[in-house]
Amino acid sequence: FLFVGQVVRGKGIDILLRAWAELALDEKLIICGSGAQKEEFQALANQLQISDKIIWAGRVSQKELAQYYRRAVSLIMPSRSPETFGLTGLEAISYATAVIASEVGGISSWLNDGENGILIPSNNVQKLAENRNLAIESGKRGFSDYKEKYIPDFHINKLYEIFCELSGRG
């Protein structure tokens, strides 16, 4: 399981850690990113007695991040602050990695609950801890959606069609 982003309160890492403690999974949670509140969250992980299940990877290269996405069961985006778009979610989907994300900001413009991922209410530990198998299935569907709507060729072809229409070539 994977989190990618700034290690700050607005990203909901405290919610993620509390959900992880409730789940009592043997799997590791990998947190990629850095931020001002990392020590606070490490202390929370200690308090919740899950430090041995958390890997604080810090900032990683794009190559390393690609490996994390390939190996992850799911990317978890527990944001409590509105995300403009949530690009890490689309990155995960491009590797057929399931996405579980808070329904904040622009995330719901590309993540359809139960279809290509799972949307949860922000600040909801219990909902974050549910539906692991559904997340895996939605990751597979999300990859198909990504190939259909978000690869560069799709956008280039759409722009070309518009250009031809406007220039009278279409």
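This is a predicted model: local features need pLDDT of at least 70, side-chain atom pairs count only at pLDDT 80 or more; totals for chains, interfaces and linings use all residues.
I162 belongs to helix α7, which spans residues 152-167.

An α-helix has 3.6 residues a turn, so residues three or four places apart point the same way.

In soluble globular proteins, nonpolar side chains tend to be buried together. Here the largest nonpolar core comprises 20 residues, and L2, V99, I107 and W110 have the most contacts inside it. Two or more residues of this core come from each of β1 (2-4), β2 (29-32), α3 (62-71), β4 (74-77), α4 (87-93) and β5 (98-102). Another core, of 16 residues, lies apart from the largest one; F1, F3, A45 and I50 are among its members.

The contacts of I107, leaving aside neighbours within four places in sequence, are with M77, E83, F85, G86, A101, S102 and L119.

Helix α1 covers residues 13-23, and its buried residues include I13, D14, I15 and L16. L17, A19 and W20 are also buried in this helix. Just after α1, A24 adopts a positive phi of about 50°.

Both W20 and A24 are touched by K53, as are L25, E27, K28 and L29, when residues up to four places away in sequence are not counted. K53 itself is in the loop that connects α2 (38-47) with β3 (54-58). With a relative accessibility of 18%, K53 counts as buried, because the cut-off for burial is under 20%.

## The loop containing S122

S122 is found in the loop between β6 (118-120) and α5 (125-128). Its relative accessibility is 25%, so S122 counts as partly exposed. Not counting residues up to four places away in sequence, S122 touches S79, R80, S102 and V104.

Two of these contacts can be described further. A polar atom of the S122 side chain lies 3.1 Å from the backbone oxygen of S79. S102 and S122 are 20 residues apart along the chain, and their C-alpha atoms are separated by 5.0 Å. S102 is also in contact with I107, one of the residues with the most contacts inside the largest nonpolar core.

Terms used. Residues are numbered from 1 along each chain as its sequence is written. Side-chain values use heavy atoms; hydrogens and water are left out. A nonpolar core is a set of buried Ala, Val, Leu, Ile, Met, Phe, Trp, Tyr and Cys residues joined through side-chain atoms within 4.5 Å. Buried means under 20% relative accessible area, exposed over 50%, partly exposed in between (1.4 Å probe, protein chains only). Helices (H or I, at least four residues) and strands (E, at least two) are DSSP runs, numbered from the N terminus. Contact means heavy atoms within 4.5 Å. A polar contact is a pair of N or O atoms within 3.5 Å; within protein, one must be able to donate a hydrogen and the other to accept it, and residues adjacent in sequence count only if both atoms are side-chain atoms.
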